[in-house]
Amino acid sequence: MELVAGSYEQVLFGFTVHPEPQASGDQQQWTPVADFTHHAHTASLSAVAVNSRFIVTGSKDETIHIYDMKKKIEHGALVHHNGTITCLKFYGSRHLISGAEDGLICVWDAKKWECLKSIKAHKGHVTFLSIHPSGKLALSVGTDKTLRTWNLVEGRSAFIKNIKQNAHIVEWSPRGEKYVVVILNKIDVYQLDTASVSGTITNEKRISSVTFLSDSVLAVAGDEEIVRFFDCDSLMCLCEFKAHENRVKDMFSFEIPEHHVLVTASSDGFIKMWKLKQDKKDPPSLLCGVNTNARLTCLGVWLDRGTDTKESLPRAAEPSVNTEQSKIGKKKPGDVVQQEDTLKPNSKKCGLNDDSKKPVKGNSLSARKRKMVEMPEKKKRKKKT
């Protein structure tokens, strides 16, 4: 596996983690080994996402850079957004969805690296987005004080909910039966079947990252060194532990045989891996940590699993989530159902940008190995017609 973290210093760090053989009765040791650093962006990194083959990073320099983890080469840069890239989400091996301060949400083909669809999603910035486990719905929040539901099957806006403040995080639960919306230090828990708030969790400080550890347990990090586990049903804090010496910026959780792991990244420069206990009332134990000596901003974990179980977003012919049952499309006071914001084929130039003139600094991926791809103008015009 590979731990990857972006930083204010414009650098992407990669660390390979090797579980060491353990003697009988001894605790297994996990050792992170520096694999690469890469200085492709010209501003601080703001988002990172991974699938079975690629790592993509977004930055305040308005570009998205692609890294091929199988070949360990840079694969190019996506240029379409005007503004900081705020969120990046893969769905399977075929699709990437990006959001930015320009208010756009873009759907990318992660094979050909073409912009399939572009939508003016929010009147302000897109601050966060999350894809339903089925791939049929997505949620986004922005600085226009709205929570928006997108029907990805039909490529249109399904539902708009006005909220009192600007939310900065939205996240589906693993089974997609609930979702959370984060505003400052508060987390509203929504049930999909009612599309209403079932409860609110309050954290000590402003929240910077959340990740579901199970369908009911949520890990919460904020502008402090503490990480807390909350039960989304009882709204109670199950446990808390000191993870870092400074605020925790991002978290990522995953499961491998015999281990349920939480990874944290902090402004103190450390990336840490924690082994979760079966009872989430017990704080996790530290597996390993590594100091990047940088101010970390975003985090991802690349697992060499060959292929994704979720290959792509559903085709338009497939039925969408039953909106009659979920009530997510039903109109309520203060809510608006909107049809006109449809996902449209992009009319603006987008695609891989040849970035080969940029210098490669430090112990980075070799410049000779770069594989920059630029779609010929003739081919682009043909695809538009």
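Reader: Let's start with strand pairing. How many bridges join S8 to strand S9?

Author: The general idea is that two strands pair if DSSP finds at least two bridges between them. Strands here are DSSP runs of E with at least two residues, helices are runs of H or I with at least four, and both are numbered from the N terminus. In this case six bridges join S8 to strand S9, residues 95-100, and the two run antiparallel. Cys87 has Gly99 in S9 as its bridge partner. Before we go on: this is a predicted model, where local features need pLDDT of at least 70 and side-chain atom pairs count only at pLDDT 80 or more, while totals for chains, interfaces and linings use all residues. Residues are numbered from 1 along each chain as its sequence is written, and side-chain values use heavy atoms, with hydrogens and water left out.

Reader: Which strands are at the edges of that sheet?

Author: The sheet is open, with four antiparallel strands in the order S8-S9-S10-S11. Its edges are S8 (85-91) and S11 (114-120), each of which pairs on one side only. Ignoring direction, neighbouring strands are turned by 20° against each other on average; the axes behind such angles are lines fitted to C-alpha atoms (for helices, over the stretch in contact), and angles run from 0 to 180 degrees between N-to-C directions.

Reader: And the chain as a whole: how many helices and strands does it have?

Author: It comes to two helices and 30 strands. Of its 385 residues, 57% are buried, meaning under 20% relative accessible area; exposed means over 50%, with partly exposed in between (1.4 Å probe, protein chains only).

Reader: Why is S14 described as largely enclosed?

Author: Because six of the six residues of S14, 146-151, are buried. Thr146, Arg148 and Trp150 point one way, with Leu147, Thr149 and Asn151 pointing the other.

Reader: What does S14 pair with on the S13 side?

Author: Five bridges join S13 (137-142) to S14, running antiparallel, and Leu139 stands opposite Thr149. The two form a hairpin with three residues between them, and Lys145 in the turn has a positive phi of about 60°. S14 also has six bridges to S15 (156-162), again antiparallel, with Asn151 opposite Arg156. That hairpin has four residues between its strands, and Gly155 in the turn shows a positive phi of about 70°.

Reader: What does Leu147 touch?

Author: A contact means heavy atoms within 4.5 Å. Leaving out residues up to four places away in sequence, Leu147 touches Leu139, Phe159, Val170 and Tyr190, among others.

Reader: Last one: how many disulfides are there?

Author: A disulfide is a covalent bond between the sulfur atoms of two cysteines. The cut-off for calling one is a pair of cysteine sulfur atoms within 2.5 Å, and by this rule the count is zero. Cys106 is in none, as the nearest cysteine sulfur, that of Cys115, is 4.3 Å away. Cys106 counts as buried at 0% relative accessibility, and Cys288 is buried with a relative accessible area of 7%.
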